[in-house]
Amino acid sequence: MNKPFKFEIDGIEIEAQRGQSIMQAADEAGVYIPRLCDTEGLEPQGSCRVCVVKQNGRAVSACTQPAIEGAKVENETEEILGYRRDLVRMLYHEGNHLCPICEASGRCELQAMGYRLGITQATKYPYLQPARPVDASHPDIVLDTNRCILCGRCIRASRDIDKKHVFEYVGRGINKRVGVNGNKLAETDVKLNDRAIDLATCPVGCIIQKGRGFFAPIGERQFDKKPITLGVGPGKNRGKS
Amino acid sequence: MESRIVSICRRYADDRTRLMDILLEVQRELRGIEPAAMELIARQLGITRVEVEGVVSFYAFFSRRTKGEIIIRVCDDIIDRHAGGREIAKVFVEELGLAIGTTSADGRFSLEITPFLGMSDQAPSAMVNETILTRLTVQKVRLVCARLREGTEPRDLVVHTGDGNNSHPLIRAEVNNNIRLAGEVLLCPVPANAGLRSALQRRPQELLAELEESGLTGRGGAGFPTGKKWRAAADTAATRRFIICNADEGEPGTFKDRVLLTERADLMIEGMTIAAYTVGSDAGIIYLRGEYSYLRPYLESVLQARREHGVLGKNIGGKQGFDFDIRIQLGAGAYICGEESALISSCEGLRGEPKNRPPFPVESGYLGFPTVVDNVETYCCAARIMEQGGAWFGSFGTDRSSGTKLFSVSGDCARPGVYELPFGITVRDLLDRVDAPDAAAVQVGGPSGEMINMSQFERRLCLEDLPTGGSVMVFSQRRNILEIVDHFLEFFVEESCGYCTPCRVGNVFLKKRIEKVRKGLCELEDLAYLKELGKTIAVTSRCGLGHTSPNPVLSTIRNFPLVYAVLLKEHGDGVQASFDIQAALEESRRLAKRRSMIYDPNYDEA
Ligand SMILES: Cc1cc2nc3c(=O)[nH]c(=O)nc-3n(C[C@H](O)[C@H](O)[C@H](O)COP(=O)(O)O)c2cc1C
Ligand code: SF4
Ligand code: SF4
Ligand code: SF4
Ligand code: FES
């Protein structure tokens, strides 16, 4: 039953264990599949869709789809890169992203993904311009959901690791956003050393640690030097730069 | 307030998975679920307030602010709109002195619009608390408002009750069945419990074989072979299994489940009971859309009568050890909860978001147990198959689509209503029956289906050609195709659960571009933009809603190219068609005020 099996990603043979997702197997084999909502240590969610691949011709999210023996998986084809660009552009346009003045610039996974996919200019989509109040009530933490990509990493970290469930999705559709357990962050029991607040958790610049802003000069941050990929990517080596 | 909330929670044993029921009761008793109430519920269930808020804010029928004693919801699907629904809404606005989406200062009334009530065969319609009003006219609305102001209870607004069980004392609705054609499987007279009796004499394996022989496919739209589904659930090792009936009927233009729930409730429950016996289940759920809550007391009475007759509950049909009972789960205004895994989330007291698949519900569904989710009509067919045999059922319809199908026909035709016909009939045949000589376009399968043109009326309604869960909307030459497309996109933007990027964001962009096309501000390149964006949404979305939401655009580009051609400008003169100076100024004005079309609720009034 538990014999490892093989499948292919873009023609490269990958070994997988039963029950592994395409993403897990690819990670172990050192093949990078782009991702935003998935990160090490949290249950996969399958919401950003940036990890879309084709498994035997069917589009699936690599982070949630089990690997299948003998399957042919397409990862970096022109078609899929096109989808990924569209998805990343959608996220840019859904929120307010002014990188030059953003605390997360250079360590932001969305920005890094944009670079990786070659998105450097304003794109074809309209801007939705949310104008949500910034929550700076907490002594140590600022929450600015205007840049939120709804990846749910803070929600899962707080629920599953911190066991606090401080964050949760509120609303639906385009009005969906991240809410906190109370009228503002200061009313919650969130703490600076929670996993939800760890710099590796929020892939963008929504959750900001007060007093730690701009801790590494722009130009010397993680993705300034190396493009986003395995080991430099989500949740790995983050916060140590 | 505290004691009321505590006692409601206790009634559900402080069970977090029953949060939907708790919220439905709190909403009804307190007319809203304010932060203090969420706090109390959270404390009682041992969860955080934001978890409760996550659920409350997901469903349209829950509100975080206190609503009026009487909530009026005017139906806004495209058929109702064409039938004058917008004017009806305006009369309510005038009569009650209330803007849409607001509550009167005295706390008496709230006025809202709702995407689809399931009454497009008797449009325009509205819902007053749980009472449905149909065929509204300006005079009727004025009268209704006058009576409500005098203190008439909503249910006493019903003067003439409808046909059949619509006049049953537990329903008393002015809804009509509009059964225009009864076929040989479902709407003909059916003997009580004949299928169940026959099934209980056979072994589950034989029943699975019978079902497979019948060729029955799911009636909810996706057309999955029912026998295969039941077998998968039966074959999954588990300590419990669940049978769920999908009575969410949210696809605009469908109302055949409403008619089955009214006239064939026994047959449907019989089918669920057979499913339980076949796969080995002891508990079932009927997920009834909130819009049909007027049917709930009646359905409860049918369940109770069946318990008393020994065809539900313990030792069913005298069969020792075969126990099966059913509860009704009311929905709260979310189209996505018709998607089977979202429906399960909702039954579990969660936000009505689809689940990641695999695992599929037949492997791990409600509370992690193997679960069969089938449509109302599917269970009705299954009961008839057990009575008459799979071969009999397979003698109706086509190769891959066996049996008869209920079609809900509405729009520009003389005889809207429900038609039971074998799968495989042509659109033209159906149009003749509904008397629609002016039909110029037909939307098959609801907004998520396909819009076809006159030259395609010979196409057949079946899985092999034009699949449909039953919705058939007829549009005459007078209708504006792009208005319809725009309206359908509005529906999807409104009803997207927001879980995944392409559906949540992409549909907004699709809608914005169609609005621009309608204003004549687009060029040929915009067609490519629409197709490309539509493809990304369809391919990368996580569930059926996103897979099909671009269909209104993609199918009309294919089938009505001229509609686009007349609106798309060519370059030629060197001036960009899409540059509209007024709009550009307008845009910067908006920017300066930092207002946002999507996020600012009062944007239109500004
Ligand atoms: C967005 C969406 C809405 C749906 N709404 C309904 C519905 O209202 N009723 C229904 O029976 N099936 C609906 N379905 C299909 C269900 O997911 C599922 O396929 C069906 O309940 C299975 O039952 P069946 O095999 O008997 O058709 C919907 C699917 C999607 C993607
Ligand atoms: S969150 Fe990332 S993409 Fe957005 S502004 Fe900051 S650096 Fe740029
Ligand atoms: S705040 Fe950050 S971590 Fe949380 S959902 Fe938004 S982007 Fe993800
Ligand atoms: S496709 Fe739409 S409805 Fe389905 S999960 Fe994604 S956002 Fe939700
Ligand atoms: S990483 Fe797989 S969907 Fe986001």
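Two residues are in contact if their C-beta atoms, placed from the backbone, lie within 7 Å. The model discussed here is predicted.

User: Which residues in H3(A) are met by Val88(A), Leu91(A) and Tyr92(A) in H2(A)?
Analyst: H2(A) covers residues 78–94 and H3(A) covers residues 109–116. By class, their contact has five nonpolar, one polar and no charged residues. The residues in H3(A) that meet these three are Leu110(A), Met113(A) and Gly114(A).

User: How are H2(A) and H3(A) oriented to each other?
Analyst: The two helix axes come within 10 Å and cross at roughly 140 degrees. An angle counts as roughly antiparallel over 145 degrees and as roughly perpendicular from 65 to 115. H2(A) and H3(A) are therefore oblique.

User: Which residue in E8(A) is the bridge partner of Val170(A)?
Analyst: Strands E7(A), residues 167–170, and E8(A), residues 177–180, run antiparallel and are joined by four bridges. Six residues lie between the strands of this hairpin, and among them Gly171(A) has a positive phi near 80 degrees. Val170(A) is buried, as is Glu168(A) on that side of E7(A), while Phe167(A) and Tyr169(A) are buried on the other. The bridge partner of Val170(A) is Arg177(A).

User: Which element supplies the largest share of the side of chain A that touches chain B?
Analyst: In chain A, 35 residues are in contact with 35 residues of chain B. The residues on the chain A side divide into 18 nonpolar, ten polar and seven charged. The largest share, six residues, comes from H2(A).

How values were computed. Residues are numbered from 1 along each chain as its sequence is written. Chains are lettered from A and ligands numbered from 1 in the order in which they are written. This is a predicted model: local features need pLDDT of at least 70, side-chain atom pairs count only at pLDDT 80 or more; totals for chains, interfaces and linings use all residues. A residue is buried if 20 or more other C-beta atoms lie within 10 Å of its own, exposed if 12 or fewer, and partly exposed in between; C-beta atoms are placed from the backbone. Two strands pair if DSSP finds at least two bridges between them. Axes are lines fitted to C-alpha atoms, for helices over the stretch in contact, and angles run from 0 to 180 degrees between N-to-C directions. Angles under 35 degrees count as roughly parallel, over 145 as roughly antiparallel, 65 to 115 as roughly perpendicular and the rest as oblique. Ala, Val, Leu, Ile, Met, Phe, Trp, Tyr, Cys and Pro count as nonpolar, Asp, Glu, Lys and Arg as charged, and the others, Gly among them, as polar.
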